[in-house]
Amino acid sequence: MRRCLALCLLLVACGAKEPQSERVRKTIASWDGALALTASSWAKGDLPKHFVKDAAEAATEELSKQAYGHAAARALALADELKKAAENDDKSAGARLAATFEQEAKKQQ
Amino acid sequence: MKSSFLQIALGIITGIGGFLEVGSLATAAQAGASYRYGLVWAIVLGTVCLIFLIEMSGRLAAVSKHTIADAVRERFGFNFAVWPRGAEIIVNLLVLGAEIGGVCLGLKVLTGIEARWFAVPVALILWFALWVGTLDIIENSTSILGLLTIAFLVAALKMHPDWLPLARGSVFPVFPPRSESGNYWFTAVSILGATISPYMFYFYSSGAVEDGWDVKDLPANRVTAVIGMSFGALMSIAVLVSSAHVFNPRNIDISRYEQIALVLTPALHKWGLPIFGISLAVCCFGAGVEIALATAYSIAQTFGWNWGEDEKPAKRARFSLTYTVMIFLSIVPILLGVDPLKQTMFSMALTAVVLPLAILPFLLLLNDEGFVGTHRNGPIGNIVVAFTIFMAAIIAIVAIPLEIIGGGS
């Protein structure tokens with residue numbers, strides 16, 4: 001029983017919380033990547049505009065809660081642009097934003 | 001009673017359509033996105049344990065005409081049976097809420113209408129289906145509709161998986177950097193919780209008793225457990241592989257359903273999103289039916305009430321009241337705006353916590369001649385159950401600290 005408990009505690013001890021700055025960087029990179037995929041698929045006609053709007057809103061919500069700094073502000077502004085592009089059904093703006101999100105995602109890597 | 005062939009065929013269809021639900025979909029997608037093939041072993045391990053436990057549930061029902069809950073009460077007494085049941089009710093309530101949330105999200109993906117608007121209509125349809133439907137109609141219709149999930153297999157194959165790393169990931173854990181190990185093990189725990197769900201044993205054994213299985217059905221039971229659950233696991237692995245190819249190279253960590261919904265789009269293009277939405281809605285509806293019924297079955301059997309989905313509701317009033325209360329209580333978090341993905345991941349980890357309580361009786365009941373006569377467990381069956389209990393106990397102790405360290409991402 002003692003050995004079992006020790007094994008369990010060892011397992012838990014093996015896990016360490018990631019530094020906050022690293023988590024913020026990952027969150028921004030993750031949403032840049034997701035919105036790049038969303039925008040490019042929408043520009044190709046593979047996604048409906050309501051979904052693009054939902055994805056941009058979800059990104060805004062998560063980035064506002066979990067990220068901070070210049071990169072986060074840029075990602076938030078781009079997410080807002082994508083939402084407006086979806087509302088106006090402007091697929092050429094979607095294609096342009098897809099490329100921008102792609103570049104931003106690469107910067108975060 | 002169904003012919004053996006039909007029983008096996010339906011078992012396989014149930015395995016494909018019934019295995020994939022909100023928990024397995026979300027956990028497999030998260031695993032693939034974050035660790036590529038590094039957590040396939042958790043699905044494989046969970047499925048092997050599940051196959052043995054499902055086979056045992058069916059064997060107990062066929063030989064003794066007892067369901068699991070029924071046998072536990074008879075063998076160990078009401079006082080022993082009631083505590084695990086209490087814990088399972090709480091977990092099932094959360095999981096049922098997650099499944100109804102999954103249906104709502106599937107409908108949101110298809111229509112763009114906010115998920116919480118669907119909560120009450122979906123709960124009403126679920127309740128109505130249970131109120132008027134028979135077990136066969138409900139099981140077969142959701143399972144056949146669930147065959148749509150084969151789209152995940154098609155998508156995974158279209159993405160040309162790397163077979164050797166996939167085979168390696170199916171057997172060996174891939175240890176991530178220390179800073180990510182909390183999240184890695186929490187995801188592994190959630191996969192095991194999503195795969196070895198106790199409600200499946202109650203549902204399966206109660207269905208077997210309702211269908212009147214006997215000793216002649218044992219070979220069909222074995223084939224159903226092995227092939228049905230293996231096919232189901234294959235779909236789960238297909239989700240993980242698709243997710244690994246779509247999300248991992250783009251560094252997308254899954255934190256919202258709006259991200260998971262993209263999983264089929266690169267492979268299936270404009271069909272990807274509608275197929276994802278329909279698959280999610282249908283699979284979660286099927287799982288919702290199973291959880292609501294399984295909870296009602298286990299409570300009724302523990303308290304010795306009349307039960308049976310094929311009976312008229314008036315003849316089993318307390319049984320019907322139980323699933324009615326469960327369904328409408330479970331949608332409260334959705335209406336309050338709780339994030340469905342976080343509720344799913346939390347409830348899957350909590351499922352892992354109650355696993356030892358649910359599995360321990362298998363070891364005793366399936367070795368008790370009074371229940372299974374000469375059809376007792378062999379050494380391999382006992383080793384697998386003992387290992388599952390050991391693994392489940394470790395998981396139960398570490399799940400909550402891991403949730404604090406690594407969950408909720």
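User: How many helices and how many strands does the secondary structure of chain A come to?

Analyst: Keep in mind that this is a predicted model. Read along the sequence, chain A follows the pattern α-α-α-α-α. The count for chain A therefore comes to 5 helices and 0 strands, with helices taken as DSSP runs of at least four residues.

User: What percentage of the residues in chain A is buried?

Analyst: A residue is buried if 20 or more other C-beta atoms lie within 10 Å of its own. Chain A has 109 residues, and the buried share of them is 40%.

User: Which residues is A:Leu35 in contact with, leaving aside its neighbours within four places in sequence?

Analyst: A:Leu35 is among the residues with the most contacts inside the largest nonpolar core. Two residues are in contact if their C-beta atoms lie within 7 Å. Leaving aside those sequence neighbours, the partners of A:Leu35 are A:Ala55, A:Ala56, A:Ala59, A:Ala79, A:Leu82 and A:Phe101.

User: Which helices of chain B do the buried residues of helix 4 pack against?

Analyst: Helix 4 of chain B covers residues 68-76, and its buried residues are B:Ile68, B:Ala69, B:Asp70, B:Ala71, B:Val72 and B:Arg73. After this helix comes B:Gly77, with a positive phi near 90°. The buried residues of helix 4 pack against helices 3, 5, 11, 15, 18 and 19 of chain B.

Conventions
Residues numbered from 1 in each chain as written. Chains lettered and ligands numbered in written order. Predicted model: local features only at pLDDT ≥ 70, side-chain atom pairs only at ≥ 80, totals over all residues. Core = buried A, V, L, I, M, F, W, Y, C linked by C-beta atoms within 7 Å. Buried ≥ 20, exposed ≤ 12 C-beta atoms within 10 Å, placed from the backbone. Helix = DSSP H or I, 4+ residues; strand = E, 2+ residues; numbered from the N terminus.
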